[in-house]
Amino acid sequence: MAGTTTGDATAYRPRRSVLYMPASNERALEKAKTLPVDALILDLEDAVAPDAKEQARENACAAARSGEYGRREVTIRVNGLGTRWHEDDLAAACAAGPDGIVVPKVGSADEVRTLVAAMEAAGAPEQTKLWAMVETPAAMLHCEEIAAASDRLEVLVMGTNDLAKELHAEHVPGRQPLLTGLSLCLLAARATGTVILDGVFNDVRDAEGFAAECRQGRQMGFDGKTLVHPGQVETCNATFAPDEAAVEDARAVLAAWEAGAGTGVVTLNGRMVEALHVETAQRVLAVHEAITDLAAGDA
């Protein structure tokens, strides 16, 4: 299990905010050391021009080895299967040993197995996990097979820009054209115990629209959201963390259940509390405690 459905706080790793950073930009990599972000994706793909790919690879691998990013999870996004940079990117990333290797446009379970075999052949340490980007209609229709293909695959990352392009869809508030695909991937993630991250919000000037999309992602069940700008981090962190009311309610649910002494059904402020509500409350508190511990570590 990937640590998002258990009441055990030690099994949950916050991935509320996951920021793409162009690995060709050394100033951006330095700035990332100070951001209150849960995870970083050091990008060798879309954010990097072809003539800067090799330098970006060196920069990302040096950053992953440096140990200078504190509690932040550091991953490297390599160029995709079939590109001329992919094999060198993957080999270098495996040698650097980041927390994860993010691969774009993963389209099938066979591709997952191919990637995992290549990681193992390149000597990737056990703690380096595979993060698979799901970006096409075919991948979303087969997302459960992708998620279940290997225990090394720990995170699914939604590629909403590419999905919209493939669907010939428009980017509209509420993302109605994308919801079927996103929902299929959420079902796959929960069925297989895989972490799942929502896609990016493109307009960095639209703070209200971004906040609304964060709320939508949280309400749908995503574990966090990928970001394109440091200014999006704090809103994302707050939205994907249980608020004070949710934490207090979870504590009240557990207290009522304990007071019921195993009767199977109790009531809290007029509403019925069953075992499933207890499991939800335990998860809320586990997430809250993990985030609190994270904040304490940054203090």
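A residue is called exposed when its relative accessible area is over 50% and buried when that area is under 20%, with partly exposed residues in between. In this predicted model, His168 has a relative accessibility of 73% and therefore counts as exposed. His168 is placed in the loop between H7 and H8, and its phi is positive, at about 60°, although the residue is not a glycine. The loop between H7 and H8 also holds Arg175, a residue other than glycine with a positive phi near 55°. Arg175, however, has a relative accessibility of 5% and so counts as buried.

Arg175 is also found at the second largest pocket, where Val172, Pro173, Arg175, Phe201 and Glu213 are the residues nearest the centre among the 19 that form the lining. The volume of this pocket is about 360 Å³. At least two lining residues come from each of helix H7 (160-167) and helix H9 (207-220), and H9 makes the greatest contribution, with five residues.

Side chains of opposite charge can pair when their charged atoms come close. Across the whole structure, 23 salt bridges are found. One of them joins Asp89 to Arg57, with 2.7 Å between the closest N and O atoms; this pair links distant parts of the chain, since Asp89 belongs to helix H3 (residues 86-96) and Arg57 to helix H2 (residues 53-66), 32 residues apart. Both Asp89 and Arg57 are buried. A salt bridge is also formed by the side chains of Asp198 and Lys225, at 3.3 Å from N to O. Because Asp198 lies in strand E7 (residues 195-198) and Lys225 in strand E8 (residues 224-227), this pair ties together parts that are 27 residues apart in sequence. Asp198 counts as buried because its relative accessibility is 0%, and Lys225, at 0%, counts as buried as well.

In a further salt bridge, between Asp223 and Arg283, the closest N and O atoms are 3.7 Å apart. Asp223 lies in the loop between H9 and E8 and Arg283 in helix H12 (residues 275-298), so that parts 60 residues apart in sequence are tied together. Asp223 is buried, at 6% relative accessibility, whereas Arg283 is partly exposed, with a relative accessible area of 28%. Salt bridges also link Arg13, Arg15, Glu73 and Glu154 in a network.

Leu141, Leu184 and Leu187 make a nonpolar surface patch of about 310 Å²; Leu187 is part of helix H8 (residues 179-192) and, at 60% relative accessibility, counts as exposed. In H11, by contrast, Val247, Ala250, Val253 and Ala256 are buried.

Conventions
Residues numbered from 1 in each chain as written. Predicted model: local features only at pLDDT ≥ 70, side-chain atom pairs only at ≥ 80, totals over all residues. Heavy atoms only, no water. Patch = residues over 30% accessible without salt bridge, like charges linked within 9 Å, V, L, I, M, F, W, Y side chains within 5 Å. Areas by Shrake-Rupley, 256 points an atom, 1.4 Å probe, with all protein chains shown as cover. Salt bridge = Lys/Arg side-chain N within 4 Å of Asp/Glu carboxyl O. Helix = DSSP H or I, 4+ residues; strand = E, 2+ residues; numbered from the N terminus. Buried < 20%, exposed > 50% of the residue type's maximum accessible area, 1.4 Å probe, protein only. 1 Å grid on protein atoms, 1.4 Å probe; cavity = no way out; pocket = protein on both sides within 12 Å on 5 of 7 lines; lining within 4 Å. Points joined across faces, edges and corners; volume = space filled by probe spheres on them.
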